[in-house]
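Reader: I'm new to this and a bit lost. Could you pick one loop, take a close look at it, and then show me what surrounds it?

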Amino acid sequence: PDFFPKNINGWFWSANQARLSPTNGSGFHDWSFTGGFQPAQKQPDNREEIQQGGESESCMAVLNNFYGDGIKWHDVACHHEKPIICEDVEGHLAFARQTFPNIRIP
């Protein structure tokens, strides 16, 4: 119940379960102000489920100017493969090193 409503309070770092600031608050977050809806809606917008009848957008991706908004956070359905952002946790770094052997990960 602490994470509801999901699009406001439901975001957290999976590595340590640390919560992200509510999306409607003044704490730091870098959610985009736009996305695929017309007219544009700020993120997180759960567009894939609402507009396309697809999966819930329960994962966060850092998109590089995909919607002309710079490098910003967007909610995405979790089946979309995106580059991984690791916290400095040895288990995650080991996983990334094994999964992406051609990338130098210190």
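Predicted model: local features only at pLDDT ≥ 70, side-chain atom pairs only at ≥ 80, totals over all residues.

**A loop and its surroundings**

Author: F12 sits in the loop between α1 and α2, so named because helices (H or I, at least four residues) and strands (E, at least two) are DSSP runs, numbered from the N terminus. Residues are numbered from 1 along each chain as its sequence is written, and side-chain values use heavy atoms, with hydrogens and water left out.

To find your way around, follow the chain from the N terminus: its elements run α-α-β-β-α, which comes to three helices and two strands. Along its principal axes, the C-alpha trace spans about 40 × 30 × 25 Å. Of the 106 residues, 24% are buried (under 20% relative accessible area; exposed is over 50%, and partly exposed is in between, with a 1.4 Å probe and protein chains only).

Back to F12. With a relative accessibility of 35%, F12 counts as partly exposed. Together with F3 and F4, F12 forms a nonpolar patch on the surface, and the three share about 290 Å² of accessible area. Such areas come from the Shrake-Rupley method with a 1.4 Å probe, and for residues only the protein chains shown count as cover. A patch takes residues with over 30% relative accessible area and no salt bridge, joining like charges within 9 Å and nonpolar side chains (Val, Leu, Ile, Met, Phe, Trp, Tyr) within 5 Å. F4 has something else going on: the peptide bond from F4 to P5 is cis, with omega near -5°. P5 belongs to the segment before α1.

Our loop has a cis bond of its own. Q38 and P39 are joined by a cis peptide bond with omega of about 0°, and P39 lies in the loop between α1 and α2. Further along that loop you reach N46. N46 isn't a glycine, yet its phi is positive, near 55°. N46 counts as buried because its relative accessible area is 9%.

A salt bridge is a side-chain nitrogen of Lys or Arg within 4 Å of a carboxyl oxygen of Asp or Glu. Side chains of opposite charge can pair when their charged atoms come close. Both partners are partly exposed: K72 has a relative accessibility of 22%, and D30 has 23%.

Close by in sequence there's another contact to check. S32 and G70 are 38 residues apart in sequence, with their C-alpha atoms 8.5 Å apart in space. G70 lies in the loop between β1 and β2 and is partly exposed, at 27%.

By this rule the chain has two salt bridges. The other one joins the side chains of E90 and R97, at 2.9 Å from N to O. E90 is exposed, with a relative accessible area of 51%, whereas R97 is partly exposed at 30%.

Last stop: the second largest pocket, with about 220 Å³ of space. Among its 15 lining residues, those closest to its centre are R47, E57, Y67, V76 and H80. α2 and β2 are the elements that give two or more residues to this lining. A pocket is an open set of points on a 1 Å grid over the protein atoms alone, where a 1.4 Å probe fits and protein lies on both sides within 12 Å along at least five of seven lines; lining residues have an atom within 4 Å of a point. By class, the lining has four nonpolar, five polar and six charged residues.

Key
Points joined across faces, edges and corners; volume = space filled by probe spheres on them. Nonpolar A, V, L, I, M, F, W, Y, C, P; charged D, E, K, R; others polar.
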